[in-house]
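I set out to look up a few local features of this model and to keep notes in the order in which I came to them.

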Amino acid sequence: MAFNLESSNVATRENRIGSITGYIGSLSDLANQSKCGTLKGCSRCFSQSSSCLSTCALNQLSAIRDVAIIHHGPAGCSVAGANAYYLDKVMARKRGVTTSTVYVGTDMNENDTIFGSAESLRKIILEVNRRYSPKAIFVSSSCATGIIGEDIDSIVDDVKTEIDVPIVAVHCEGFKSRIWATGFDISDHAVLSSIVKPPKQKRNTINFKNFYESARPEIIEMFKNFDLEPIFLYCNSTVEELSRLSESLATTCICGTLGNYLGNGLEEKYGVPYIRTINPLGIAGFEAWLREIGRVTGREAAVEKYIEEQRAVYLPQIEEIKKELKGLRAVLGMGPGYTFEVSRVLNELGIEVVWALAWHYDKKYENGDVPPSMQYLLENDVDFEASVADQQNYEVMNILNQYQPDLYLSRHPGSTVWAIKNGTPAVYVADEYMIFGYKHTLEFAQSVLDSIHNRSFEKNLARRVKLPYTDWWYQQNVDKFLEEAKTNGKVVG
Ligand code: SF4
């Protein structure tokens, strides 16, 4: 895909790479349809829940240290700023750094939505710059500004002469995409187009896109074995660090959904290789990922030595615990960057995946390839029933009720909690590094075992909670829902 960094706008995932939010069928069918180009998203006549992509985009940007986010929209849109502000401060404290990032809402009112508020926005930008002296300014749109056609680009261009730090319009009207991960691309586009500069010199650094850098110390230690220094993005990044991303030897990420746009953009614009392997979760993922980093950066021997040492420590322990996991049956509900990776890890551990839900599905990435996680499952003859649903919990509940798995795994608390109330043991795969490398794969296997061995919490909670999903309701819908799944892959609402 050609990246147009001259434009502040980025097309949605649906339009750019044909991503979908509705499908029911099997993994192999999903992948085959992706490959031959026939995959089309099914639409729902009912939607239980979803999220606004601006939360994804602006949470990413506000995690950068000492910047200003100006969210141009009604107060209801910028309420997301409260969570972002809190999280940014906690993450900075955890890392032992400080951040003066500010998140400002412009509080558009009725008058503004009728007559526009370009002049107010101009004044707010200048005042934010005067008062907080941020290192970069991101001016975001919203549904309201999108609908009235507020010309944020012109306002930003206009104030550039009065502001001497990077300033960029961030187009994240919530209505433009049903896929909130489009927000990740929007934030990457803003960083690529306004902050990243052409390289002056190459450095022994590797760009590492992640969420909250919880495994930062151990990853820094690991990369020392290969004389590489990771630069974690964007949580606690500085604008200066970001300006030099083009000088790194490679870009990688903990999740393809999160890192795909930045990785491909840096490769296309500045020749920084993007590591395209399955993710470093589980043993196969970790080894494939490390070996590719070794190949791209010319450090194969050091990588092989590290793998050999780590295998000796962890593989016997993982093999031992697999004996207890064998035969368990699991259902998953996660973003696609994790659903098909965690499915692979479960398979490695001997756990049968009976159904995997992805909150959306990218049939191809920016470079035109089917996501590596999907490719890997197909090449290794792994198949299971799969659906794509943007966190429609009524579908999750139907599946749990029908399949009665030993375990439900989700990366979102709003989904995990329903399984627990239903009495299904659940593992909340919250931390992005929870299955990273050998050590965390072992810990993950132990967590699964703990949830299976002690089911009293789920049992007690289920006994005391009255769910809106009654037996009558399940009887009305389950057959219809699953029959449809097996016949023509359509979603029923
Ligand atoms: S941008 Fe649109 S979808 Fe997002 S919070 Fe505002 S009104 Fe809602």
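**Backbone entries**

I first looked up Asp107, which sits in the loop between strand S3 (102–105) and helix H5 (110–115); here helices (H or I, at least four residues) and strands (E, at least two) are DSSP runs, numbered from the N terminus. The model is a predicted one, in which local features need pLDDT of at least 70 and side-chain atom pairs count only at pLDDT 80 or more, while totals for chains, interfaces and linings use all residues. Residues are numbered from 1 along each chain as its sequence is written, and side-chain values use heavy atoms, with hydrogens and water left out.

I noted that phi of Asp107 is near 55°, a positive value in a residue other than glycine. I then turned to the peptide bond between Leu233 and Tyr234, which is cis with omega at about -15°; Tyr234 belongs to the loop between strand S7 (229–233) and helix H11 (239–243). I marked both entries because most residues other than glycine have a negative phi, and most peptide bonds are trans.

**Ligand entry**

Around the ligand I found Cys52, Cys77, Ser142, Cys143 and Gly174, counting a residue as near if one of its heavy atoms lies within 4 Å. This shell divides into 3 nonpolar, 2 polar and no charged residues, where Ala, Val, Leu, Ile, Met, Phe, Trp, Tyr, Cys and Pro count as nonpolar, Asp, Glu, Lys and Arg as charged, and the others, Gly among them, as polar.

Of its 45 lining residues, Phe184, Phe211, Tyr212, Arg411 and His412 are the closest to the centre. The lining divides into 21 nonpolar, 17 polar and 7 charged residues, and helix H4 gives the most to it, with 6 residues.

**Helix contact entry**

Last, I recorded that Phe340, Glu341 and Arg344 in H15 meet Ser373, Met374, Tyr376 and Leu377 in H16, with contact meaning heavy atoms within 4.5 Å. The residues of this contact divide into 4 nonpolar, 1 polar and 2 charged.

Methods: On a 1 Å grid over the protein atoms alone, a cavity is a set of points where a 1.4 Å probe fits but cannot get out, and a pocket is an open set with protein on both sides within 12 Å along at least five of seven lines; lining residues have an atom within 4 Å of a point.
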